[in-house]
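Hello,

Here is the structure I promised to pass on to you. Please have it open beside this email while you read.

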Amino acid sequence: MRTCHTLNLLPVLALACLLIKISKSSSFQPLLTGPDMAYLNTRVAFRCFAPSSSPPVTYELMRNGSSLIGTHVDHEGDQTAIFSTKVTAASAGSYQCKSAAGGSTGVSNSIQLSVVTPASNTRVTSEPFPPVAYEGSRITLSCDVDRGSHLSYTWFFNRKELKSSTSTLYVSGNKLVIERVTPECAGNYYCIAWSAVQNIRRFSTSTEIQVVVKVFLSKPKLSFNIVKDGDSYRGNVTCWSSTGSPPANFSLSLDDEEVGSVPATESLTASFQVPMEPGLDMGEARCKVKTEMQELNSEPVTLEVVPVGGDVKVEVNYLYTAESKLSAARLRCQISRGTFPLISWLLNNSALPSRSHLDSQIQLIPSQLALADQRQTLILTKPSPEDSGYYRCRARDSYDDSGPWMESASVLVQVTDRILNSMQQHEATSCTEIPPKSIIAPLEVIAIMFCCFFLVMLAVSSACVFKMFGHKQALTNIPPENSPASHLSEPESQSVGMFTDAFSVDYDEQNQTTEITIKRLCYCTKESSQLFLERPHLSGRSEALDKKAIDFQCEIPNPKNQSILLKLFKKGDREDMLGEYTLLKGEEVAIIPKVIRRVHEGFLECVASVQNNTEINSTISNSHFIKVIEPVDSAKIVFSGQWELFEGNRLELRCQLSAGNHVTFKWLLDGQLISPSPIHLFADDRLTIHRVTSEDSGSYMCSASNIFNKTSVFTANSSEVIIRVKELVSEPEISYTVLKEDSGSSTSSNYLVIVTCELARGTLPIKISLYNSSELVSSVTPDKRWASFRVPLILNQHIGSFRCQANNGDKTTYSRWLPIEVVQVGGPVMMYYEHDMAANFAVIGLRLFCKAAKGSHPRFQWYLNKTSLHGRGSFYNVFEEQLPKQSILLFSVGRSSAGTYHCEVSDSFDNTSVIRSHGRYLDKEVLNRLPDFVVAVVFGCFTALILIVSFCCLIGVMFRWRQNEEKPVLSLEMDERFAEERLYSSGYSEDPDVIKAAGEDEFDQVSKASVDEWPQIEQEKKTLEDETVSEAM
């Protein structure tokens, strides 16, 4: 009992232990962060952190639960473990972080990393190839890449992005599908394949491909003219189609015999020359135009030129407006015969002006005249009295300038003011004046025509009524055989007999065209009165199986109980009787059995005749159509060509039957029904594909069927026939890599160039050859669509220009020429940078460029403080494929990016020699500090500006001081004189000696300025003194 209780507690204890472990593990679960997508050959960083863990903490990054990526030990605690790894093709998978601390372990969340491969070598392929399609057909463009994943595609048409899809144009994956192409779809297409990871897009653009849309040809037309060449004649026959896309081939046949063929490459017009003779029928001409998709025939035209001849006359018609006013007069030259007439008009024996260009359009000539219908019609557009006169026309053959003219009689056209102004009042003309034609209003013409029609109908009705009553009276008054009325004279008997015969013939002719039933129509003969045979009625089944017997029913009234013979014929063939039956007295219905054959299909007739009485004409029944169905049997596909063919060739299959008619054919490819299209053409029992593609490969089967009586269906299926369509080879892509091989000695090595030729499409086997200029290097037939060739290499020398050639039996394609010259890395390595600035003009990012002076295949390596930088880090990103022969290092300016940068360059195929650039120290302070040179230049410019301004101010002050010292003396003397005059005028008197002395002192003071002016000053002084003395006296 105790043992049982112990066993019951074991599950409870196990559950408790499990819960304890789960709670411990959940409390120590690390957190893993990192990207879920990354580009190939870049670096990614995963961060793992276990909160509230006591050091030391051991972190392990695992991929797919088994592969250890890295290990990190945190000795301080609460530190994030960073795992940086380079992304390769095998890096995709689920990542988890395992942590261990203090005897506890935990597993983080999982991150699914997807490796994104950027697109490369993008190109556009088409189906069909080349991209040439007829309107209404389907064309598919594919955006193919050599490698790439997680790609999106953008299509461009004539360099404009295709953003919206329609029912006929849509994007499906990497394909652009045009269900029904139109001429508007023709143009240049290209695509961009791109991928995006964390807002970083990488894309590859294809080259443009031109799509050509061809238009189906319209039915050709034919016209001809004739030219006289010396004494002989030559006909020019022109064939043309109004719509369609060239090229096309035109051919001309006479009486179903081809006489010429002309290719039309630019326009859909062709001309042919044939011998002709006027008056002779040269045959029936027909034009045929043929393209790779169509073959059309024109309507037949008889090449017969009738010379102008017979009578020529002019017909005049007057045209009126709705107000019954004369608006125009139309003269038409009517010619009895003539195919190409040249018409000339004369007015009062003077020829009207002619034009060299004669066409169907109206030509205006002087005097308000117009010509139409190739000058056959002359129209007086605005009749006036000046246009009155005698008009006539003449005609001759347009192709014979020396031919005779055929002239008409003159016709007077007289337009008077009386005709123009009044249509109702007519004045009598003089005896010498020809009266004009009567002019009747349109309403009067309609009234007269209606009255005439009414009178005619009244007369016809009266005649019918009279004949009806007269005929009945004749039937009721037929005399007996022995009556005197039966004894007619010989002429009367003959006349009656003639009437009977004529009536019988008319009746037979009526039976051939329409069904008319005449009940018991009697007539009189010279012997006695007899009944006419009524028309029999034929009926029966409208469909019958071949070699099966069916019954036809022929019914005819037999009121006189005569013996009537009924025969069954096919309409139009009275030689072969299908069956007969004799109606005995009292019988009216005959059943005629017949085993039906295919030759019996058509209209059948039943012919009734009275036996032993040839005087009564036989009658024919209605036509009855019988359709004969022969069940289909033994279908097989007949093909005259090869079962394997290349793209672009013509494929024609025929479904041959051993028996069957009225057959409907269906074609299947790999069990799927083939629908009719401009590419797949159905004609009776044939399937034609003018330009096969790889999609036309597969197993073909034809199904033939016919239906009897809408209920029974007969079907015959052929055996499957496998058609293989080989792809044509595309243009190969050529590339090369350099390989170093050890020669066995430590001092020398051998270098090789591995040239690769790769094809996007083509059915194997493909022969791939490599040429150096015109010399064949090597040729192989691999089991894949690419091949590699080893070529010896001499460094720093041009070894030649190489080209790939590919052929798989039908088409030979070539790659571009690729010159190969491998130059070793050499010269100085230059490193420079470009910076990005924020809004406050602080440098926030740098782009470092590294480039060697020479080298065709350089490999770059960046270093920060002698630590190599690869791929993408926390603050930097290395790009090596964006620019040719140089590398770019992008990084954000911050504390972690400070240090000395340098790059090393070596050959990608040989790392024995490495060239290093100069190191450059870069940090945030250095980059945002102004250079000493810039500071010196700015302060130097500022100092120079101050010196220049100071010098200018000094020069200005000195100039002003000099100007004040050199003030003119005369100006000063005039000021003194003015002052003295004011003193004298105010009555102030003084001793002249005093004035003189004062004057001398003043002049002595002023004269210090100049010694040269002293004699002049003395003279002026003496003059002033003399004037003063004279005034005092």
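Below are some notes on what was found, grouped by topic.

Some ground rules come before the findings. This is a predicted model, in which local features need pLDDT of at least 70 and side-chain atom pairs count only at pLDDT 80 or more, while totals for chains, interfaces and linings use all residues. Residues are numbered from 1 along each chain as its sequence is written, and side-chain values use heavy atoms, with hydrogens and water left out.

Disulfides

Let me begin with the cysteines. Taking a disulfide as a pair of cysteine sulfur atoms within 2.5 Å, the count comes to eight. Three of these eight are described here.

One of them joins C48 to C97, with 2.0 Å from S to S. The torsion about its S-S bond is about -95°, so this disulfide is left-handed. C48 sits in strand 3 (residues 43–49) and C97 in strand 7 (residues 93–101), so the link ties together parts that are 49 residues apart in sequence. (Strands are DSSP runs of E with at least two residues, helices are runs of H or I with at least four, and both are numbered from the N terminus.) C48 is buried at a relative accessible area of 0%, and C97 is buried at 0% too. Here buried means under 20% relative accessible area, exposed means over 50%, and partly exposed is in between, using a 1.4 Å probe and protein chains only.

Another disulfide joins C239 to C287, where the S to S distance is 1.5 Å. This pair links distant parts of the chain, 48 residues apart: C239 belongs to strand 21 (residues 232–240) and C287 to strand 25 (residues 281–290). C239 counts as buried at 0% relative accessibility, and C287 is buried with 0%.

A disulfide also joins C655 to C702, at 2.1 Å from S to S. With 60° about the S-S bond, this link is right-handed. C655 lies in strand 51 (residues 651–659) and C702 in strand 56 (residues 698–708), so parts 47 residues apart in sequence are tied together. C655 is buried, at 2%, and C702 is buried, at 0%.

What about C953, and which cysteine sulfur is nearest to it? C953 is in no disulfide, and the nearest cysteine sulfur, 6.9 Å away, belongs to C952. C953 is partly exposed, with a relative accessible area of 48%.

A hairpin

Next, have a look at strand 61 (residues 767–772) and strand 62 (residues 775–780), which run antiparallel and are joined by five bridges. Two strands pair if DSSP finds at least two bridges between them. I768 has V780 of strand 62 as its bridge partner. The hairpin has two residues between the strands, and S773 takes a positive phi near 60°.

A loop residue

R895 is found in the loop between strand 72 (886–892) and strand 73 (899–907). Is R895 buried or exposed? R895 counts as exposed, at 83% relative accessibility. The C-alpha atoms of R895 and E925 are separated by 10.0 Å, and the two residues are 30 apart along the chain.

Helix 6

Finally, V937 lies in helix 6 (residues 932–965). At 38% relative accessibility, V937 counts as partly exposed.

Happy exploring, and write back with any questions!
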